[in-house]
Amino acid sequence: MASIEYESLRAKIRGALIQPADLEYESARKVYNGMIDKRPAAIVRCASVADVIEAVNFGRTNGLLLAIRGGGHNGGGLGTCDDGLVIDLSRMKGIRVDPNARTVRVEGGVTGGEMDHATHAFGLATPGGTVSSTGVAGLTLGGGIGHLTRPFGLAIDNLLEVDVVLADGRFVVANEKENADLFWAVRGGGGNFGVVTSFLFRLHPVTMITAGPTFWPIEQTPEVMKAYQDFILKAPEDIAGFLAFLTVPPVPLFPPELHMRKVCAVIWGSTATPERFEAQTKAMRSVGTPLLDHVGPMPYPVLQGLFDPLLPSGMQWYWRADFAKTFNAEAIAAHLEHAKRAPAGISQVHIYPINGAAHRPAPGDTAFSYRDANFAVVIVGVDPDPANRDTVTNWCKGYFDATHPFSAGGAYINFMMEEGQERVQASFRDNYTRLAQVKRRYDPTNLFRVNQNIRPAVA
Ligand SMILES: Cc1cc2nc3c(=O)[nH]c(=O)nc-3n(C[C@H](O)[C@H](O)[C@H](O)COP(=O)(O)OP(=O)(O)OC[C@H]3O[C@@H](n4cnc5c(N)ncnc54)[C@H](O)[C@@H]3O)c2cc1C
């Protein structure tokens, strides 16, 4: 194979080109998930859209495998690759809030925390995830589920426009009117269609959130989970909270007697005032015998950053996911059995409600197909010690195998590892055929294939 003339790329960019001989390479090749250990041939830390165009053209003409990195959080490590070229947007941090139009424009390397900080100054927010270090780019392109999903929809439901560098190096804008098929596809179809260099979101008046956890003994799961689903399926949209199974971390935030205890929890995050929240949730929070119930007002960015100290970069993460409509008694029993067996530490399960405003678009309105599911389940085996990699992986797989039969079939692509084509298709259902056609139009050679891949339709 002819040697690749990386120097010619270096000469054309304003950002950095990092290769294995460079001191920075070891840190630059790392992604959030410590289980991922890939060695790209080069990483382009783009400074601007011009750099992105150069990198895409260089990758294409040299036949390189290309990976796109936003925040580097992807579970399956899809922000990097072996031997190829990583187009790293982490330096592209531009953010502009327009308080009159109630919009925010962010570049491809912005994290959720950075965006929330910028919009909070104006008393505004747009739906994102639940951990502030996650990249806005990857999170949004897969859908974007978080505390504001029930009142305002998924991140993609608030996306107004994207700037994209296509596989052939062209720069295009996509919105409802311009390149509408591309705009449809990037709202849930992941990084399949090009490098998105900027996102324009609609903002909502959000400053304070009523938030905090309620914990129950894990043995009370059957009663709590049934009550939770009955409650959240009927609750007003400003009332939100996700169900979780976790081990209480041994940190001062929690009473010492609960440290390392396995619990069934609801992590509340609601745009309702504390008084309204109390009135609406009192009965739910009084189910069984709660061990802790600590809910109060806090600024939205504080809620978004609450778990950050517990989740530093570099831990071992193994992911599995499903969508679910409801949980019957058998499904609840399977959850309880496997939640109880979680390895001591950080491994956990989150069950996010994706009803409310996220149900307003029809399954075909955006690429995100599961608008009829009520819950996105994510099971994560997590441990700081690489020696425990197999333990957390096996627990996660066992949990998934036991609960998957009760699921709606597919999964949220951002909560998956690399699980193969069948699983990707199951996650897009009827939208897959249209996605494959859009892929053929914008990326006919599948240049962007380090992702939950949609293969170009055959002509
Ligand atoms: C601790 C943690 C908490 C999380 N919490 C949530 C949550 O609450 N809600 C939720 O919805 N998800 C959540 N996620 C999942 C998250 O949405 C995915 O991991 C997502 O892929 C992260 O995006 P990123 O930009 O950080 O990832 P990266 O690893 O940088 O990128 C992942 C993939 O996204 C695509 N991509 C990234 N940037 C671009 C771009 N600019 N243009 C085109 N394609 C691009 C590429 O295909 C890339 O392979 C969480 C993940 C972690 C690790």
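**Exercise 1. Find the volume of the second largest pocket and the residues closest to its centre.**

Step 1: A pocket is an open set of points on a 1 Å grid over the protein atoms alone, with protein on both sides within 12 Å along at least five of seven lines. Its volume is the space filled by probe spheres set on the points, which are joined across faces, edges and corners.

Step 2: The second largest pocket holds about 260 Å³ of space. Its lining (residues with an atom within 4 Å of a point) counts 18 residues, and Tyr-32, Gly-71, Gly-72, His-73 and Ser-313 are the closest to the centre.

Step 3: Sort the lining by class: Ala, Val, Leu, Ile, Met, Phe, Trp, Tyr, Cys and Pro are nonpolar, Asp, Glu, Lys and Arg charged, and the others, Gly among them, polar. That gives 3 nonpolar, 10 polar and 5 charged residues for this pocket.

A word on the model: it is predicted, so local features need pLDDT of at least 70 and side-chain atom pairs pLDDT 80 or more, while totals for chains, interfaces and linings use all residues. Residues are numbered from 1 along each chain as its sequence is written, and side-chain values use heavy atoms, without hydrogens and water.

**Exercise 2. Work out the strand order of the open sheet of 4 strands.**

Step 1: Strands (E, at least two residues) and helices (H or I, at least four) are DSSP runs, numbered from the N terminus; two strands pair if DSSP finds at least two bridges between them.

Step 2: The order is E1-E2-E4-E3, and the pairing is mixed. Strands E1 (16-18) and E3 (66-69) are at the edges with a single partner strand each, so one side of each has no neighbour in the sheet.

Step 3: Look at E2 (residues 42-45) and E4 (residues 85-88): they run parallel and are joined by 4 bridges. Here Ile-43 is opposite Val-86 in E4.

**Exercise 3. Describe the ring pair of Tyr-32 and Trp-317.**

Step 1: Rings of Phe, Tyr and Trp (its six-membered ring) pair if their centres lie within 6.5 Å; planes under 30 degrees apart are stacked, over 60 edge-to-face, and the rest tilted. The whole structure has 17 aromatic pairs.

Step 2: The centres of Tyr-32 and Trp-317 are 5.6 Å apart and the planes stand at 50°, so this pair is tilted.

Step 3: Tyr-32 is in the loop between helix H2 (25-29) and E2, and Trp-317 is in strand E17 (residues 316-324), so the pair ties together parts 285 residues apart in sequence.

How values were computed: 1 Å grid on protein atoms, 1.4 Å probe; cavity = no way out; pocket = protein on both sides within 12 Å on 5 of 7 lines; lining within 4 Å.
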